[in-house]
Amino acid sequence: MNVLIVDDNKAAADLLQELLGLFGHTARCTYTAQQALDTAAAESFDAALIDLTLPDFPGTEVARRLRASTTQGMPKLLIAISGFSAEDTGGEAAEGLFDHHLQKPIDIDRLGGLLAQG
Amino acid sequence: MHAAARQLLRIEAAGIAADQHHRQGGAQRAGVGRQLQPGHVRHGLVGDQQVGLVRRLRQPVRSGLRLALQPHAQAPAGKALDQEMEKLAAAHQKQEELVEQLRHTQRKLEHAVRMRDDFMSMVSHELRTPLNTLYLETQLRQLHVSKGRLESFAAERLPAMIERDQRQIRNMVRLIDDMLDVTRMRRDALSIQPQPVDLAALARTVVEGLRHQAEAAGSEIALEAPGELRGVWDEFRIEQVLTNLLTNALRYGGGKPVEMVVQQMGGTAQVAVRDQGIGIAPEDQERIFKQFERTKDSRKHAAGLGLGLYITHKIVSLHGGQIGVESAPGEGSRFVVDLPLEPPAILPSST
């Protein structure tokens with residue numbers, strides 16, 4: 001799978017990229033919402049890992065725009081990452097914006113499992 | 001949520017439940033009081049019914065009412081009845097006042113619980129960020145070990161690895177310290193220990209200490225400071241102020257240069273930190289310094305604007321100084337701290 005990562009914590013984003021590589025995926029790191037949207041428009045992705053707290057605008061907005069985009073190759077599988085639980089953030093996953101919500105710290109086996117399910 | 005926090009919340013929630021019970025009881029009593037017509041009394045709202053009433057009334061308004069509602073074998077007519085009715089009316093009014101007081105207390109308690117809830121949620125969210133990085137590191141190392149890729153642990157790679165771990169640990173320690181500071185401020189127990197300090201030298205040290213963080217943020221910190229700027233401040237706390245302002249500037253500075261200017265203006269030392277990042281909307285400019293209170297919405301928009309500026313503001317106030325911000329969305333922010341060269345003789349309270 002080709003995975004788009006957006007997390008303003010550069011260290012965490014880079015680690016996720018490396019870990020996903022060990023799971024046989026390819027991943028691209030972005031550190032702001034705008035960077036993520038630009039990258040998604042330029043490349044083709046299967047999935048996106050989106051931190052909900054980003055410096056320029058919220059991760060939910062990134063998800064909304066990815067879902068609304070008609071460009072080819074937009075990621076279909078959207079996974080929210082947050083220090084808050086899904087209940088705390090108002091259940092965006094339940095609204096259908098995200099397919100899954102992972103609370104930090106991220107368990108890589110769990111993430112690997114979600115990606116494997118597709 | 002932490003077990004300790006849950007415990008605290010449970011205690012407060014229990015307090016509210018008890019208050020609610022009182023309030024409902026109060027309302028009931030008030031209702032009963034209103035229905036008491038002279039006729040009812042004469043025809044004997046006595047016996048079980050009245051005893052029940054007395055029992056219900058016992059708690060908050062024990063004195064007057066109980067007396068008024070003692071069963072009377074021979075109901076007095078005329079003047080005596082009027083007196084009784086007056087007593088009832090007075091007791092009724094007292095009840096209403098008590099109910100209002102209880103409502104007020106309840107609102108305050110609910111607010112306190114909400115604040116604590118928000119606070120705990122915020123702290124655990126913030127702690128999860130460095131924890132996440134550390135956890136990802138260990139999971140990566142575990143995978144390397146299980147795949148026999150020991151070259152990842154080569155001697156030349158270890159210093160950087162240790163530095164990364166230590167940075168996350170420092171972040172967590174700082175968050176915990178901040179949390180304790182906020183708790184101290186709430187209890188009004190944060191104090192400063194002013195000593196002679198060279199603010200210019202302190203600023204240089206802080207900027208140097210943030211070099212790695214600035215690199216990671218893609219920003220450069222330009223410092224403009226005189227050779228020396230002496231005053232009497234709590235060095236540790238002022239270092240916290242400078243660090244908080246610069247960390248925010250790096251965090252929200254959009255990877256553009258950050259500028260810090262330290263200068264003396266008469267009897268005041270001024271520190272100004274300017275970034276060219278996302279800026280702060282006018283309606284939020286006051287809020288960010290105020291007692292920590294975050295909405296769900298603000299959490300989604302930005303991490304961090306919760307503790308740092310609140311603490312910064314308090315520390316500056318304790319020194320008899322002032323902090324302000326000039327900003328517009330998309331145009332960066334300029335935080336200005338003015339500190340008297342010596343704190344006032346009588347230190348202001350941190351509240």
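**Helix α6 of chain B and its neighbours**

The axes of helix α5 (residues 79-146) of chain B and α6(B) cross at roughly 165 degrees and come within 9 Å of each other. Here axes are lines fitted to C-alpha atoms, for helices over the stretch in contact, and angles run from 0 to 180 degrees between N-to-C directions. Helices (H or I, at least four residues) and strands (E, at least two) are DSSP runs, numbered from the N terminus. α5(B) and α6(B) are therefore roughly antiparallel to each other. Angles under 35 degrees count as roughly parallel, over 145 as roughly antiparallel, 65 to 115 as roughly perpendicular and the rest as oblique.

This is a predicted model, in which local features need pLDDT of at least 70 and side-chain atom pairs count only at pLDDT 80 or more, while totals for chains, interfaces and linings use all residues. Residues are numbered from 1 along each chain as its sequence is written, and chains are lettered from A and ligands numbered from 1 in the order in which they are written.

The crossing of α5(B) past α6(B) is left-handed (the near helix is turned anticlockwise from the far one by less than a right angle; clockwise would be right-handed). On the α5(B) side, the contact includes Val123(B), Leu127(B), Pro130(B), Leu131(B) and Glu137(B). From α6(B) come Arg164(B), Asp165(B), Gln168(B), Asn171(B), Met172(B), Leu175(B) and Met179(B). Two residues are in contact if their C-beta atoms, placed from the backbone, lie within 7 Å. By class, this contact has 8 nonpolar, 3 polar and 4 charged residues. Ala, Val, Leu, Ile, Met, Phe, Trp, Tyr, Cys and Pro count as nonpolar, Asp, Glu, Lys and Arg as charged, and the others, Gly among them, as polar.

Helix α6 (residues 158-186) of chain B also packs with helix α11 (residues 308-318) of chain B, at an angle of about 50 degrees and with the axes 10 Å apart. That angle makes α6(B) oblique to α11(B). α6(B) passes α11(B) in a left-handed crossing. Asp178(B), Asp181(B), Val182(B) and Met185(B) of α6(B) meet Tyr310(B), Ile311(B) and Lys314(B) of α11(B). The residues of this contact divide into 4 nonpolar, no polar and 3 charged.
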